[in-house]
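This briefing sets out selected features of a single protein chain. It is arranged by topic for reading alongside the sequence and the coordinates.

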Amino acid sequence: MSLRDVFVSEAKRIFSDVAIVLTIIGGVLLYSFLYPQPYAKESVSSLRVSVVDLDKSDLSRSIIFSLNATPQVDVVREDLSKRDALDALERTLVRAVVIIPAHFKRDLALGVSPTIAVGADSSYFLIFGSVLEGAMKAVLTEGTKVKVANLLKRQVPLSGAKEAYTPYSSRFINLFNPNNSYTQYVIPAVFILILQQTLLIGLGILGGGVNEQMRKGELGIYREASTLQIIFARVMIFGSIFFVHMLFYFGFSYENFHITHIANIEELLFLGVLFLLATLLFGIFLGALFNAREIATPVILFSSLPIIFSVGFIWPLEMIPSWIITLSEMLPVVPAIHGFLEMNQMGAHFVDIREYALILVAQIVVYGFLGYYYINRNRKKYE
């Protein structure tokens, strides 16, 4: 049987299967627009906060004004008591509570360090961190004014008072993510995972469906075509589709969501081809293992969350057991994510990420052999 006949037959099988088409075309395109939407604002801001002012001084009012001026916080309530504020928090009318204690201004003037209480639901750590950051900015700003004023009362020159309270200044430079954007942090890695998982589902559905068909004695082209012809046809069809998807993600999607991409295009595409080949052969191998087409989708979807945590950009690699890291490196997406992020977001060259490329090459060899072996075994089993 000619390679052309095998290619045409596999293409008809793939594009006539609604589940495969929806997954490898519709799913990839849909995810490219839907997934980034929760991160569109890029950072947490304008959180509703209630303030309980027990001091009733000009300083406490100034703190409330400064607090409301921070981008993280929006003061929407000024409750008369702690109980009222906590009740509003429980009813989710506000996201946090800030309590300014009585005698706050007096204690500062006497050199006593008063405590401003900040309460928020710490199960939402992004909300808690943002409220805490906004409150610290406001309190430290106003506290500085008071301490500098006290030094001036002691006849300390203004320049000396500033130097005494702030002997040094801090300058923060955020590497690789200047705006502290969740879009820059999450989307580049997840896009690569989407490419792998949708490709694996499509190949898994195809492989499981073929196994079902062969069990019924309906061999079709699989009676005459060679295993290498079948593998080559699937690699070419799925690879062509997902190469276009990869270009779409790294091109249009990155531009659309203003994601940094500074990699050399030739090096990026070379790593992308290695990633696609490793994923294609891994998917062909998995498809040969599935006894039914319905198995592919739940198995691969349920694996997505463990995979994304094992990569190390959400949870530090140092906190993950070494055996999990080793196991995760058997998946093409893990070295691919590290390689793409270092090249595209951090400016690394291909020579800097060659270890990830070598892992992908090893996967191509191993999964190519396993895919060939199991497809060949299944064909002999059902002939």
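A salt bridge is taken here as a side-chain nitrogen of Lys or Arg within 4 Å of a carboxyl oxygen of Asp or Glu. By that criterion Lys105 and Asp58 form a salt bridge, with their closest N and O atoms 2.8 Å apart. The pair links distant parts of the chain, since Lys105 belongs to helix α5 (residues 104-109) and Asp58 to helix α3 (residues 58-69), 47 residues apart. The model is predicted, and every value below is computed from it.

**Overall architecture**

- The protein has 15 helices and four strands.
- Of its 383 residues, 45% count as buried.
- The protein exposes about 20,400 Å², of which carbon and sulfur atoms supply 63%.
- Among contacts with a separation of 6 or more, 80% are made by residues 24 or more positions apart.

**Salt bridges**

- Side chains of opposite charge can pair when their charged atoms come close.
- The whole structure contains six salt bridges, including the Lys105–Asp58 pair described above.
- In that pair, Lys105 is partly exposed, with a relative accessible area of 38%, and Asp58 is partly exposed as well, at 45%.
- Another salt bridge joins Arg293 and Asp17, whose closest N and O atoms are 2.6 Å apart.
- Arg293 lies in the loop between α10 (265-289) and α11 (296-302), and Asp17 in the loop between α1 (3-15) and α2 (18-34), so the pair ties together parts that are 276 residues apart in sequence.
- Arg293 is partly exposed, with a relative accessible area of 24%, whereas Asp17 counts as buried at 14% relative accessibility.
- Asp87 and Arg91 also form a salt bridge, with their closest N and O atoms 3.0 Å apart.
- Asp87 is partly exposed, with a relative accessible area of 32%, and Arg91 is partly exposed at 48%.

- Asp53 is found in strand β1, which spans residues 47-53.
- Asp53 is buried yet has no salt bridge.
- The backbone nitrogen of Lys56, by contrast, lies 3.0 Å from a polar atom of the Asp53 side chain.
- The side chains of Asp53 and Ser60 are joined by a polar contact of 2.9 Å.
- Leaving aside residues up to four places away in sequence, Asp53 touches Ser60, Arg61, Ile64, Asp79 and Ile100.

**Aromatic pairs and cluster**

- A pair of aromatic rings is described by the distance of the centres and the angle of the planes.
- The count of aromatic pairs comes to 15.
- In one of them, the rings of Phe191 and Tyr254 have their centres 6.4 Å apart and their planes at 25°, so the pair is stacked.
- Phe191 lies in helix α8 (residues 182-215) and Tyr254 in helix α9 (residues 227-256), so their pairing ties together parts that are 63 residues apart in sequence.
- Both partners are buried: Phe191 has a relative accessible area of 0%, and Tyr254 has a relative accessibility of 1%.
- Phe285 and Tyr374 form a tilted aromatic pair, at 5.6 Å centre to centre with 50° between the planes.
- Phe285 is in helix α10 and Tyr374 in helix α15 (residues 354-382), so this pair ties together parts that are 89 residues apart in sequence.
- Phe285 is buried, with a relative accessible area of 12%.
- Phe33, Phe191, Phe248, Tyr249, Phe250, Phe252, Tyr254, Phe275 and Phe340 form one aromatic cluster.

- Pro188 is buried, with a relative accessible area of 0%.
- Not counting residues up to four places away in sequence, Pro188 touches Thr183, Tyr254, Ile259, Leu341 and Gln345; of these, Tyr254 is a member of the aromatic cluster.
- Pro188 and His261 are 73 residues apart in sequence, and their C-alpha atoms are 9.4 Å apart in space.

Definitions and conventions:
Residues are numbered from 1 along each chain as its sequence is written. This is a predicted model: local features need pLDDT of at least 70, side-chain atom pairs count only at pLDDT 80 or more; totals for chains, interfaces and linings use all residues. Side-chain values use heavy atoms; hydrogens and water are left out. Helices (H or I, at least four residues) and strands (E, at least two) are DSSP runs, numbered from the N terminus. Buried means under 20% relative accessible area, exposed over 50%, partly exposed in between (1.4 Å probe, protein chains only). Lys and Arg count as positive and Asp and Glu as negative; His and the chain ends are not counted. A polar contact is a pair of N or O atoms within 3.5 Å; within protein, one must be able to donate a hydrogen and the other to accept it, and residues adjacent in sequence count only if both atoms are side-chain atoms. Contact means heavy atoms within 4.5 Å. Accessible areas come from the Shrake-Rupley method with a 1.4 Å probe; for residues, only the protein chains shown count as cover. Rings of Phe, Tyr and Trp (its six-membered ring) pair if their centres lie within 6.5 Å; planes under 30 degrees apart count as stacked, over 60 as edge-to-face and the rest as tilted.
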